[in-house]
Amino acid sequence: MRITRFAAGDEVSYGLVGTARAGPAAGGEVIAELAGHPFGGGGGGIQLTGTTYLLDEVRLLAPVLPSKVVGFAPGHPGAGGPADDGLAGRSVMYLKPSTAVCGPSDAIWYPALTQRLEASGELAVVIGRLCRQLTPEQAAAVIFGYACALDVTAADLSELDGQWARAKGFDTFCPLGPWIETEAGADGLALTTSVNGETQQRGTTGQLFRGVPDLIAYASNVMTLLPGDVLLTGVPVGSGPPSAVELGDEISVTIEGIGTLTNKVDKGD
């Protein structure tokens, strides 16, 4: 099931993405509007309003508005201390603010404060219910679904600051979309990132440096995860380095079974 958040005129709604089986739109992609939102927690489950839109008649938005985005990356060579972080190897957990999130086709702003912008395509995990102090075995029960994500970083600022709050926290530095796929799973999905149509990174989710259950468990033992929170699972090992991007570049990440997210770099405020 593909769940999207979209704007039709001035109205913002959630909807289910599917293929029209009859009528003038038969064979085309459509959105069936949902009543409320999928994180309501009520006993009625997902309910439709009966209103349907053609996919190309609406504007897709970030499919979720998280309270926080939790990212993971392997630790840099020479990171201090023994490998005792609960992930069986040196690694870094970082946060992006909710204001970093943007949607499909939204511009990634190139801040005036940076001279080197990089982007990587990643699998995003959307949390479905409040949880804390999980074990990896309990993690599957809290996954709502998966989406494509771009992790954008001001690389020169991360080196200058010695930490990642500023480098990864600018507005628009976390595009998400094009929707949430609730049935994709997370194992062995092909993941490709391209810039201006040329492939820059290629791998699978089976090459993640740690599995999704381990990442969810680790994060939940640090902080409470809320419905709609997003975890970025990192770049598949061996898929290639982050892509350096410039003004005007178009970046796409495609994940098998989920879809393609595309954003263009534009001049920031």
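Author: Proline 178 is found in strand 12 (residues 174–181), where a strand is a DSSP run of E with at least two residues, a helix is a DSSP run of H or I with at least four, and both are numbered from the N terminus. The peptide bond from glycine 177 to proline 178 is cis, with omega near -5°. Most peptide bonds are trans.

Reader: On what basis are the atoms and residues treated?

Author: This is a predicted model, in which local features need pLDDT of at least 70 and side-chain atom pairs count only at pLDDT 80 or more, while totals for chains, interfaces and linings use all residues. Residues are numbered from 1 along each chain as its sequence is written, and side-chain values use heavy atoms, with hydrogens and water left out.

Reader: Does threonine 172 count as buried or exposed, and what is its phi?

Author: The relative accessibility of threonine 172 is 8%, so this residue counts as buried. Its phi is near 75°, again a positive value in a residue other than glycine. Threonine 172 is placed in the loop between helix 2 (165–169) and strand 12.

Reader: How do you know that the side chain of threonine 205 reaches the backbone oxygen of alanine 186?

Author: The distance is 2.7 Å. A polar contact is a pair of N or O atoms within 3.5 Å; within protein, one must be able to donate a hydrogen and the other to accept it, and residues adjacent in sequence count only if both atoms are side-chain atoms. Threonine 205 belongs to the loop between strand 14 and helix 3 (212–220), and its relative accessible area of 5% makes it buried. Setting aside neighbours within four places in sequence, threonine 205 is in contact (heavy atoms within 4.5 Å) with Leu123, Ala186, Asp187, Gly188 and Leu189.

Reader: Why is cysteine 102 said to be in no disulfide?

Author: A disulfide is a pair of cysteine sulfur atoms within 2.5 Å. The nearest cysteine sulfur to that of cysteine 102 belongs to cysteine 174 and is 7.6 Å away. The structure holds zero disulfides. Cysteine 102 is buried, with a relative accessible area of 7%, and cysteine 131 is buried at 4%.

Reader: What makes strand 9 and strand 14 edge strands?

Author: Two strands pair if DSSP finds at least two bridges between them. The open sheet of five strands has the order 9-18-17-13-14, with mixed pairing. Strand 9 (107–110) and strand 14 (198–204) each have a single partner strand, so one side of each is left without a neighbour in the sheet. Neighbouring strands here are turned by 20° against each other on average, direction ignored; axes are lines fitted to C-alpha atoms, for helices over the stretch in contact, and angles run from 0 to 180 degrees between N-to-C directions.

Reader: Which residues touch the most other members of the largest nonpolar core?

Author: A nonpolar core is a set of buried Ala, Val, Leu, Ile, Met, Phe, Trp, Tyr and Cys residues joined through side-chain atoms within 4.5 Å. In the largest one, of 65 residues, Ile216, Leu225 and Leu231 touch the most other members. Strand 11 (residues 143–154) supplies the largest share, eight residues. Another core, of eight residues, lies apart from it and includes Val17, Ile31, Val58 and Leu60.

Notes. Buried < 20%, exposed > 50% of the residue type's maximum accessible area, 1.4 Å probe, protein only.
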